[in-house]
Amino acid sequence: MYTNIQARKSDPIFALNEMFRHDKRSKKIDLGVGVFKNDHDITPLMKSVELAEKQVINNQNTKVYKGLNGNEEFNQAISKLLIESSSVRLRSAIIQTTGGSGALRLISDYIYSINPSTTVWISNPSYANHYPILNDAGLKVTHYNYINAETKMADVNAIISSLMLAKRGDIILLHGCCHNPTGADLSIKQWSILSDFMIRKGLIPFIDIAYHGLGDGLEEDAAGLNIILNQFDEVFITTSCSKNFGLYAERIGAAIIVCKHYYSVQYVRKHMANLVLNSYAMPPNHGAQIVSQILNDCSLKKLWESELYEMRNRIIENRFLFYSSLKTQDILMIYLLY
Ligand SMILES: Cc1ncc(COP(=O)(O)O)c(C=O)c1O
């Protein structure tokens, strides 16, 4: 009864991975999963992570549960990294999650539990897992236009004209930095225009920022998010430490709900914690300890920032090389998830 089922359509991300693995051609490029590789085609362990991990292990004397909210030092450190205003941080309910995906699911479950008829708008195209996660949580998902076909840039007028159809209370999911699959980000001016429009229309922002620091820099990448935070009473944020700390397999991220009032934080957090209890119960602690060790230690943080800078530069160089190679058609096969 429970096992006599039809084969499911493969997940596009993993199917693409498989196709790439089985392709014997040497001139192939994997543009599917967002995983950093160095010159030797290896996803390296960052030096700052290696040092922090040693310190964590040396100082560790228990593996006891950390609780439903996860590691509180991590929660504070990650919110400080993203949110400039201390008063906004005080209005933030933060829960450590199982990666950025876990954060997306937790926020989706939270929204559904409060208002099951909520519509969430995502960009066309968006991160391949946005639709499945939001949809699976029971939310209605619809798309807004994002890219200008001629200029290949983010088109704020196109976004706004799509969102004219949105109704008060609809949620708008925006890519915080450098991971919209079009490769185009909103400029600071576009963030401000969109933020003003959304305020006027009564829309609620949801910012997914999964590659913080890998676009233009830590401050620059969070600039759009902070424009939103300075204007809105309520904001949903999801973040991940998979890419910027190279902690992919440790499954470490955070879900943040900025509340209108400081006193609501405890209730919102309890509600989030209850959703956590009803699903996976507790997030893993190891990655969270590493991240908080790095962010709370000046020299480790400096080292991490310099490694992030190097990774960022390599990505920029590779993009340029990729672009020039495409122009000379020196690439035989591209695996691209859109
Ligand atoms: C835009 C976006 N959000 C969320 C995630 C999920 O991150 P994680 O691997 O930490 O679950 C990814 C991963 O690639 C992503 O690209």
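Predicted model: local features only at pLDDT ≥ 70, side-chain atom pairs only at ≥ 80, totals over all residues.

**Criteria and values**

Me: What makes the peptide bond between Asn124 and Pro125 a cis bond?

Reply: Its omega is about 0 degrees, and the bond that joins Asn124 and Pro125 is cis. Pro125 itself is placed in the loop between β3 (119–124) and α6 (130–136).

Me: Why is the pair Arg21 and Glu18 called a salt bridge?

Reply: The criterion is a side-chain nitrogen of Lys or Arg within 4 Å of a carboxyl oxygen of Asp or Glu. The closest N and O atoms of Arg21 and Glu18 are 2.8 Å apart, and the pair therefore qualifies under the 4 Å cut-off. The structure holds eleven salt bridges.

Me: Why are Arg21 and Glu18 about one helical turn apart?

Reply: Both belong to helix α1 (residues 12–22), and because they are three residues apart there, about one helical turn separates them.

Me: How do you know that the protein is as compact as a globular protein of its length?

Reply: The protein has 13 helices and nine strands. Its radius of gyration is 20 Å, and the globule rule gives 20 Å for 338 residues; the two values are close, so the protein is as compact as a globular protein of that length. Along the principal axes, the C-alpha atoms fill a box of roughly 60 × 55 × 55 Å.

Me: Which domains are assigned, and what makes them partners in contact?

Reply: The division gives domain 1 (65–296) and domain 2 (307–337), with C-alpha centres 27 Å apart. Contact requires heavy atoms within 4.5 Å; eleven residues of domain 1 are in contact with seven residues of domain 2.

Me: How is the interface between domain 1 and domain 2 described in terms of area and polar pairing?

Reply: The size of an interface is often expressed as the accessible area lost when the parts come together. Domain 1 and domain 2 bury about 650 Å² between them, with 65% of it on carbon and sulfur atoms. The side of domain 1 that touches domain 2 comprises four nonpolar, five polar and two charged residues. The count of salt bridges between the two domains is zero, while one residue pair is in polar contact across their interface.

Notes:
Residues numbered from 1 in each chain as written. Heavy atoms only, no water. Domains from an automatic or database assignment. Buried area = accessible area lost by both parts, 1.4 Å probe. Polar contact = N/O pair within 3.5 Å; in protein donor to acceptor, adjacent residues only side chain to side chain. Nonpolar A, V, L, I, M, F, W, Y, C, P; charged D, E, K, R; others polar. Helix = DSSP H or I, 4+ residues; strand = E, 2+ residues; numbered from the N terminus. Rg over C-alpha atoms; globule rule 2.2 N^0.38 Å.
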